[in-house]
Amino acid sequence: MRAYWAIFSARFRGLLQYRAAALAGLGTQLFWGLIRVMIFGAFYASSRRAAPMTFEQVVTYVWLGQGMIRLLIWRGDPAIEEMIRTGTVAYELTRPLELYWLWFSRSAANVTAPTVLRAVPMYALALALLGMQAPASLAAGGAWVVATAMAATLTAAMCTLVSISLMWTISGEGLSRLLPAAVWCLSGMVIPLPFFPDWAQPVLNALPFRAMMDVPFRIYVGHIGMSEWAAALGHQAAWTIGVVLLGRWVISRGTRRLVVQGG
Amino acid sequence: MRDAVRLYLHCISASIRSQMQYRLSFVFQTAAQFVVCGIDFLAMWALFDRFGSLRGWHLPEVALFYGMVHTSFALADAPSRGFDIFSGMVRRGDFDRLLLRPRSTAFQLAAHALDLRRIGRFSQGLAVLIYAICALEIDFTPGKVALLAFAMAGTACLFYGLIVLQATAAFWTVETLEIMNTVTYGGTETGSYPLSIYHDWFRRFFTFVVPLACVNYYPALAILGRAEAGGFAAAFGWFSPAVGLLFLLASLRAWRFGVRHYRSTGS
């Protein structure tokens, strides 16, 4: 356990150095959030129909999303890709660690460090100036922290899975190209999920994508009430365990047939 | 001139042939772009499904804005790959090589590649545009068809100019200015809705600094036969797309200025 933690924290601290890149990204995210807020503002100002969320909730949801944007970038670890291409992945197999958790620790750092770097300044700015509100209640804030940690874990498991799939495809073409589009839309990044038609809701609720954005955000704004927390967090946990089990099964198949490139 | 066109076509056909070497990858990437852009429109549709209308605008009208700006952006994005990768050339000192060749640098970068994957975005925008034209009960006179083409050409010029400016900045910053994506990709997002729904300062920015309104909003108003309260006269939209062309010419002037101030980073 300590070894995995050391791998995680070394990589995490390494990635925290890229502060300038995160700040450069902040401007883009500000712009994107502003457009969304203005579009929603215009809809709310001109329509009499009942909306599934209040405008204040939508604004908070949008800014929460802009801060967590890195949770949606599901790609394999570039270092692992490089190792598989050059054949140095063989060294990974000689380490006295389980390969899955070794790669998972690295993915977890790849996911959390950029997210922290972007979320902290984004939320400070949005809370102070841009109409983002504090959590619906103290308990909701606590539940949001738990749900966000789960979202990061699930994302790390997804990224690990993509890394493992490189054992077969090397170039990372195919599904990994189409996946981001689905993730973007089905997680609530484009518009909050409650705005999709009612008949689509059961499908959206069952899929894993809402666990990244929609679940923590709706807990934060109080749209998912305390009585539903257990179900929402359970959905996240179930998918996380599922993806981890799938990853472990795939990696055991992959290492059995792995051909080391290079001589 | 004829010689330049022949050379350009020669370069582009080489670029197309090289992209066709990885056919499956090409198909996947194009399909992915079609889906990504389609999702944008899906979200727009969902919002109109929930709210009914937006400040008096309905989905087919807004779809016209959306279709115009997305197809035009794809038209500008496909042949500007060279400017996209320019900052890398500066960093590695590769730009020096371009300076030695007997053609202008802007020409060489423009001829660098024609990115066919942008067909994904283009065809998605075109599908939305066709939907808008069918759903709108407008008499499309030859004049209006010509205006539509003029506006799309103007928008494409504007976006190409913005991409050139983004590359020009790299003469000084060496890195790509990510913030410029807010006026290219962000401009596409902005132009997908009528500009009148945004805040005043935002509208002014996209009228006077980045003249997106001139190439997208006002011509679309003219096509729809709507007038803007307190804005320019309705006739303005028939001429305003020319501003896009002027913007491109100004960007190329800025580019030449940048080339004169280029100092190699290479060793």
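What share of the contacts in chain A between residues at least 6 apart in sequence join residues at least 24 apart? I began my notes with that, keeping in mind that the model is predicted.

**Entry: contacts within chain A.** I took the contacts between residues at least 6 apart in sequence. Of these, 86% join residues at least 24 apart.

**Entry: the fold of chain A.** I listed the secondary structure next. I found 11 helices and zero strands in chain A. Reading from the N terminus, I wrote down α-α-α-α-α-α-α-α-α-α-α. Then I checked the radius of gyration of chain A, which is 20 Å. The globule rule gives 18 Å for 263 residues, and the two values are close, so chain A is as compact as a globular protein of that length.

**Entry: extent and burial.** I looked up the span of the C-alpha trace of chain A along its principal axes. I noted about 70 × 40 × 35 Å. I also looked up burial: 42% of the 263 residues of chain A count as buried.

**Entry: where chain B touches chain A.** I turned to the contact between the chains. Chain A puts in 27 residues, and chain B puts in 31 residues. Which elements of chain B give two or more residues to the side that touches chain A? I found α2 (23–51) and α10 (181–191) of chain B. The most comes from α2(B), with 15 residues.

**Entry: make-up of that side.** I sorted the residues of chain B that touch chain A by type. I got 16 nonpolar, nine polar and six charged.

Notes. Residues numbered from 1 in each chain as written. Chains lettered and ligands numbered in written order. Predicted model: local features only at pLDDT ≥ 70, side-chain atom pairs only at ≥ 80, totals over all residues. Helix = DSSP H or I, 4+ residues; strand = E, 2+ residues; numbered from the N terminus. Rg over C-alpha atoms; globule rule 2.2 N^0.38 Å. Buried ≥ 20, exposed ≤ 12 C-beta atoms within 10 Å, placed from the backbone. Contact = placed C-beta atoms within 7 Å. Nonpolar A, V, L, I, M, F, W, Y, C, P; charged D, E, K, R; others polar.
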